[in-house]
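Please look over the sequence and the 3D structure below before reading on. The briefing that follows is grouped by topic.

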Amino acid sequence: MKDYYAILGVSRDADQEQIKKAYRRLARRYHPDVTGGDRESEARFKEINEAYEILGDPEKRHRYDLFGEEGLAASPFDRGFDGFTSPFGDIFNLFFGGGQGRARTSAPRRGSDLLAVVELELEEAYSGKIHVVEVPRHESCPQCGGSGLEKGYGHDLCPDCGGEGRFTRTRRSAFGTFTSTTTCRRCGGSGEINTHPCGFCEGRGVREIVDRVEVDIPAGVDDGDRIRISGRGEAGQLGGPPGDLFVEVRIKEHGAFARHGRDLHAMVSVDMVEAALGTEIAIPTLDGEERLRVPPGSQPGDVFRLRGKGMPEVRSRARGDLYLTLEVRIPERLTAEQKRLLREFQQLQDRGGEAPGIVERLRKAVKQKA
Ligand SMILES: [Zn+2]
Ligand SMILES: [Zn+2]
């Protein structure tokens, strides 16, 4: 009876991972590419593959441990195992000697990041909000944790490429030596196949979901800001962690306020008499109504600053200011009475004086119109 453990050079209590490693190491050493295909090495290579066919499969290994080779032959799962008609049977036909296949990597890979865009009103950016975004993405299968494997099983070494993931062919001709490498179709280059796929995800390791993500958008967020929500991107591969979700904020244009960093800018208007005499007006801010005192003699284009009435700064107590630019309305059409009073006003100006009450009357007259 053949001792498969001795052939692979592992102890009887070696775990599957150790067996796989031992197999790979030996398969590389006795690979026809390396040995040049002498008979003895070829026989050894067959033997190594034969041993791995059994020990690499937890179920077959178990039967072999209990019953030896008979146990294998008697199995209903047996696919006519007699030396080399196993799935490894045609492995020799695939190698043409020379050129050593590089060991491929099947390291876990992190999932890719995703980007979602949300549009906010300036008021929402001012106060901050919890915004829900729906993100279609893949998630690691909750059943198998992303491995795609049925519980208790591992990947099998791909029998087509013997775990190399690719085939290297070298042809020698009168013109020189040509080497070409092709990826193994069966395993897609991973060197492993899944013969016990997870029933939940059918071996894909992921499932499609529409993730509802609550995004805490901080007060003071600016146009183009990105908020990172870690772990809510695409699922990782081969057990790798998921990527992150980035939520990019776009802020809609506001009818009254223009934003420059932390500061807000707006226009306020008074009529010409109010500008001349001074007044107090109500102005809306993002934080309710404020009163602005327009001093007498204010000019068009004068800028008033309301400290701390601009945008808040993200995660800070600092606040920007609100800048108000004065616009002075001049009546387009005047009544006969208004015209008369304005002329009276003009004459007074020419004489360098001012009759008591004239400006008040003027103000009332202009207001009626406006
Ligand atoms: Zn699964
Ligand atoms: Zn393969």
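## Backbone angles and exposed loops

Glu202 is exposed, with a relative accessible area of 66%. For accessibility, buried means under 20% relative accessible area, exposed means over 50%, and partly exposed is in between, using a 1.4 Å probe and protein chains only. This is a predicted model, in which local features need pLDDT of at least 70 and side-chain atom pairs count only at pLDDT 80 or more, while totals for chains, interfaces and linings use all residues. Residues are numbered from 1 along each chain as its sequence is written, chains are lettered from A and ligands numbered from 1 in the order in which they are written, and side-chain values use heavy atoms, with hydrogens and water left out.

- Glu202 sits in the loop between strand 6 and strand 7 (206–217); helices (H or I, at least four residues) and strands (E, at least two) are DSSP runs, numbered from the N terminus.
- Most residues other than glycine have a negative phi.
- Glu202 has a phi near 55°, a positive value in a residue other than glycine.
- Arg315 also has a positive phi, near 45°, and is a residue other than glycine.
- The loop between strand 14 (303–306) and strand 15 (322–329) holds Arg315, which is exposed, with a relative accessible area of 70%.
- Gly301 belongs to the loop between strand 13 (288–294) and strand 14, and it counts as partly exposed at 42% relative accessibility.
- In sequence, Gly301 and Val328 are 27 residues apart, while their C-alpha atoms are 8.3 Å apart in space.

## Salt bridges

- Side chains of opposite charge can pair when their charged atoms come close.
- The structure holds 25 salt bridges, a salt bridge being a side-chain nitrogen of Lys or Arg within 4 Å of a carboxyl oxygen of Asp or Glu.
- One of them joins Lys20 and Glu192, whose closest N and O atoms are 2.9 Å apart.
- This pair links distant parts of the chain, with Lys20 in helix 2 (residues 16–29) and Glu192 in strand 6 (residues 192–193), 172 residues apart.
- Both Lys20 and Glu192 are buried.
- Glu337 forms a salt bridge with Arg340, and the closest N and O atoms are 3.2 Å apart.
- Glu337 and Arg340 both lie in helix 8 (residues 336–351), 3 residues apart, which is about one turn of the helix.
- Arg340 also forms a salt bridge with Glu344, where the closest N and O atoms are 3.4 Å apart.
- Arg340 and Glu344 are separated by about one helical turn because they are 4 residues apart in helix 8.
- Glu337 is partly exposed, with a relative accessible area of 42%; Arg340 counts as partly exposed at 42%; Glu344 is partly exposed at 26%.

## A network of charged residues

- Salt bridges link Arg110, Asp113, Arg228 and Asp244 in a network.
- Asp244 is found in the loop between strand 8 (226–229) and strand 9 (245–251).
- With 7% relative accessibility, Asp244 counts as buried.
- Asp244 and Gly111 are 133 residues apart in sequence, but 8.0 Å apart in space from C-alpha to C-alpha.

## A buried residue without a salt bridge

- Asp271 lies in strand 11 (residues 263–271).
- Asp271 is buried yet has no salt bridge, and the nearest side chain of opposite charge, Arg329, is 4.3 Å away; Lys and Arg count as positive and Asp and Glu as negative, while His and the chain ends are not counted.
- The side chain of Asp271 reaches the backbone nitrogen of Val273 at 3.0 Å.
- A polar atom of the Asp271 side chain also lies 3.0 Å from the backbone nitrogen of Glu274.

## The largest pocket

- The largest pocket has a volume of about 600 Å³.
- Among the 24 residues that line this pocket, the closest to its centre are Ser147, His155, Ser190, Gln237 and Leu238.
- On a 1 Å grid over the protein atoms alone, a pocket is an open set of points where a 1.4 Å probe fits, with protein on both sides within 12 Å along at least five of seven lines, and lining residues have an atom within 4 Å of a point.
- By class, the lining has 7 nonpolar, 13 polar and 4 charged residues.

Conventions:
Grid points are joined across faces, edges and corners, and a volume is the space filled by probe spheres set on the points. Ala, Val, Leu, Ile, Met, Phe, Trp, Tyr, Cys and Pro count as nonpolar, Asp, Glu, Lys and Arg as charged, and the others, Gly among them, as polar. A polar contact is a pair of N or O atoms within 3.5 Å; within protein, one must be able to donate a hydrogen and the other to accept it, and residues adjacent in sequence count only if both atoms are side-chain atoms.
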